[in-house]
Amino acid sequence: MQQITTTDELAALCARCARGPYVTVDTEFMRERTFWSQLCLVQLAAPAADGEPEVAAIVDPQANGLALDPLFELLADERVVKVFHAARQDVEIFHHLGRVIPRPMFDSQVAAMVLGFGEQVGYETLVRRVAKAELDKSSRFTDWSRRPLSEKQLAYALGDVTHLRTIYESLSHRLDRSGRAHWVAEEMAILTDPETYITRPEDAWKRIKARSNSPAFLAIVAALAAWREREAQTRDVPRQRLMKDDALLEIAVARPRSPEDLGKLRLIQREARKPDFAAGIIAAVAEGMSCPPDQRPTLPPPPRRREGSAAVADLLRVFLKARADALGIAAKLIASTSDLDALAGEDDPDLPLLRGWRREVFGEDALRLVAGELGLVARPGGVEVFEFG
C-alpha cells in the first residue's frame, strides 16, 4: 500500500496515473460539523500501462505541506477517464477545493443502473457481483479525520478504488454491447456541469417549506435564507446548526426590529442571541421588508390537472413498469411518479422523461399513450403495447 504525504510523491503518482487510459478515484470525508466537506483521504488506482504494473495509493490531504495541485491537474486531464462510484459528493469536493470538474468521467453506479443492476446500486453489491470479491465492512464508520489511521482502515479505503478497476472494465464493455453508452454519457453531462455544484445564497429560500405564499413574507424568508447561507459558508458550519428552518420562519413571521424583539422568540438558539449574529438577522429582516414589490419572490401556482388525469397517470405507471421490466432497469431511473402525474395532467410539461434517452425509450410512447394513439393489453406474458388502427 502506497501512502502519499508529500507534494513530490503526489506529483509522481499523478504522472504515473496519467500514463494510463483511466484512473479510479474515491474520497473519504467528514461533514457532520461543517458546511463544506472536510477532505480526509483521496484514493487513486490505475491499471497497468506502458510496461508499468498497476498502481494503487492513498493520499493524505491532511499531511503537513502537501498541496493537491498535481491531483487537480490529473482530474482535469481529458486524456484520462476518471472513474468514480456515486461521484456527486466527490466531485463537489474537488470543485470546491480546486475549482476543477473531473473530465471525462464515468460513474459506475449510474452505469450499473443503466445495465439493470437496480436502483442506486451500492459499491459493495458491484464488488460482489462483478469483481467476485467481498469487502471488509468493519471500518465503514471510521472517523477519517483522526490520525493515525490503522492499516485495516487504510486497506478498507483502498478497496474502494482497487476493485473499481475491474468493475469499470466490465461495465464499460457491457455498455458497449448494450448500445446504452449514450445513456450514461447524458447522465455524465449533468455530473460534469459546474452548475450542478454551485450553491447560490439568493436561491436558498427555495429549499424551505414556507407557511405562506405571500410575496411580502417570502421576501423576508429569502433575505434570511440568503444571510444564513452566506454565514454558514463563511463560518463553515451546517446551515441547520446555525439556524433551523423553523426558527427562520418564526423570525420571518415576527419581523424583529431589535435584539430585544429577537430575544423573545421561542425557537432562537443561543448563538443567534450574540450581538453580531443578532445584528445580521435583524438586517436581513429589514432587507426583506424593504424589498420592492416587483422584486419579491413568488411561488408558481399549482398546475391545473386535466379532468380524468389521475386515471391516465395510473395507466402510465403500468406502462412504465412494463417498459422498465422489458429494458431490465429500475422504473425510477426513467421517470418519477410526479413526472407521470404531470405528463397525464398538464399541457406541454418540461420533464426529464421527455428529453434524451428517456424520451427515446419511454417518453415518446408515453406521449402517444396520453394522446390516445397507443393502448395497453394484458397478455399471459405481461403487458403489451398496441397501436390503434
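Me: In this predicted model, is R239 buried, exposed or partly exposed, and what is its relative accessible area?

Reply: R239 has a relative accessible area of 25%, so it counts as partly exposed, given that buried means under 20% and exposed over 50%.

Me: With which residue does R239 form a salt bridge, and where in the chain do the two partners lie?

Reply: Side chains of opposite charge can pair when their charged atoms come close. Here R239 pairs with E229, and the closest N and O atoms are 2.7 Å apart. The pair links distant parts of the chain, since R239 belongs to helix α9 (residues 239-242) and E229 to helix α8 (residues 215-235), ten residues apart. E229 counts as buried, because its relative accessibility is 0%.

Me: How should I read the salt bridge that E231 forms with R235?

Reply: The closest N and O atoms of E231 and R235 are 2.7 Å apart, and because the two residues are four apart in helix α8, about one helical turn separates them. E231 is partly exposed at a relative accessible area of 21%, and R235 is partly exposed at 30%.

Me: How many salt bridges does the structure hold?

Reply: The structure holds 26 salt bridges.

Me: How many cavities of 30 Å³ or more are there, and which residues line the largest cavity?

Reply: Rolling a probe the size of a water molecule over the atoms shows where empty space is left. This structure holds one cavity of 30 Å³ or more, and about 60 Å³ of space lies in the largest cavity. Its lining consists of R31, W36, S37, E92, I93, H96 and L97, which by class gives three nonpolar, two polar and two charged residues.

Note on methods:
Residues numbered from 1 in each chain as written. Predicted model: local features only at pLDDT ≥ 70, side-chain atom pairs only at ≥ 80, totals over all residues. Heavy atoms only, no water. 1 Å grid on protein atoms, 1.4 Å probe; cavity = no way out; pocket = protein on both sides within 12 Å on 5 of 7 lines; lining within 4 Å. Points joined across faces, edges and corners; volume = space filled by probe spheres on them. Nonpolar A, V, L, I, M, F, W, Y, C, P; charged D, E, K, R; others polar. Salt bridge = Lys/Arg side-chain N within 4 Å of Asp/Glu carboxyl O. Buried < 20%, exposed > 50% of the residue type's maximum accessible area, 1.4 Å probe, protein only.
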